[in-house]
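This report goes through one protein structure step by step, for a reader who is new to such descriptions. Please keep the sequence and the structure in view while reading.

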Amino acid sequence: ETNCCEVAEAEDQNINEALEGAGCGFGTILYTLGSFLFCCLFGSEVVMFAIVGPVIKCDWNLSSFSLTGLQTITTIATMCSSGIASSLGDKFGRRPMALIGAIGVTITGTLCAFTKAY
């Protein structure tokens, strides 16, 4: 005779095994969450350009065409670098690539903060 707890544990194990077998394990959930957060961050970058664009235009004396070109180049660079970084991350590991990316963003962000002209 089995009690309710043993039956519930057996059902949980079967559900977990089924999820793992279907490729919906913990790693898949983390990957999906990470992809979602990346999309949110990329979307916030686009919104940030909409907010900060007029300030950049005035501070750097840009025409509307130059500002649009800057936004386009930034978007294309983000798209290309994400593909390259993911390939390098598979080859060398994600942690070193994330560290290199964070250092790169810190350096270029600091340099942009002190730039007086386009």
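## Cysteines

Cys80 has a relative accessible area of 42% and is therefore partly exposed, whereas Cys58, at 57%, counts as exposed; here buried means under 20% relative accessible area, exposed over 50%, and partly exposed in between, with a 1.4 Å probe and protein chains only. The structure holds 0 disulfides, a disulfide being a pair of cysteine sulfur atoms within 2.5 Å.

## Basis and confidence

This is a predicted model, in which local features need pLDDT of at least 70 and side-chain atom pairs count only at pLDDT 80 or more, while totals for chains, interfaces and linings use all residues. Residues are numbered from 1 along each chain as its sequence is written, and side-chain values use heavy atoms, with hydrogens and water left out.

The mean pLDDT (the predictor's confidence in each residue, from 0 to 100) is 74 for the protein, and 71% of its residues reach 70 or more. Confidence is lowest in helix α1 (residues 4-21), with a mean of 56, and highest in helix α4 (residues 94-113), at 83; helices are DSSP runs of H or I with at least four residues, numbered from the N terminus.

## Helix α3

With 29 residues, α3 reaches 41 Å from its first C-alpha to its last, close to the 42 Å expected at 1.5 Å a residue, where the expected span is 1.5 Å times one less than the number of residues. Leu67, Leu70, Thr78 and Gly89 are buried in α3, and just after this helix Gly93 takes a positive phi of about 110°.

Terms used:
Helix = DSSP H or I, 4+ residues; strand = E, 2+ residues; numbered from the N terminus.
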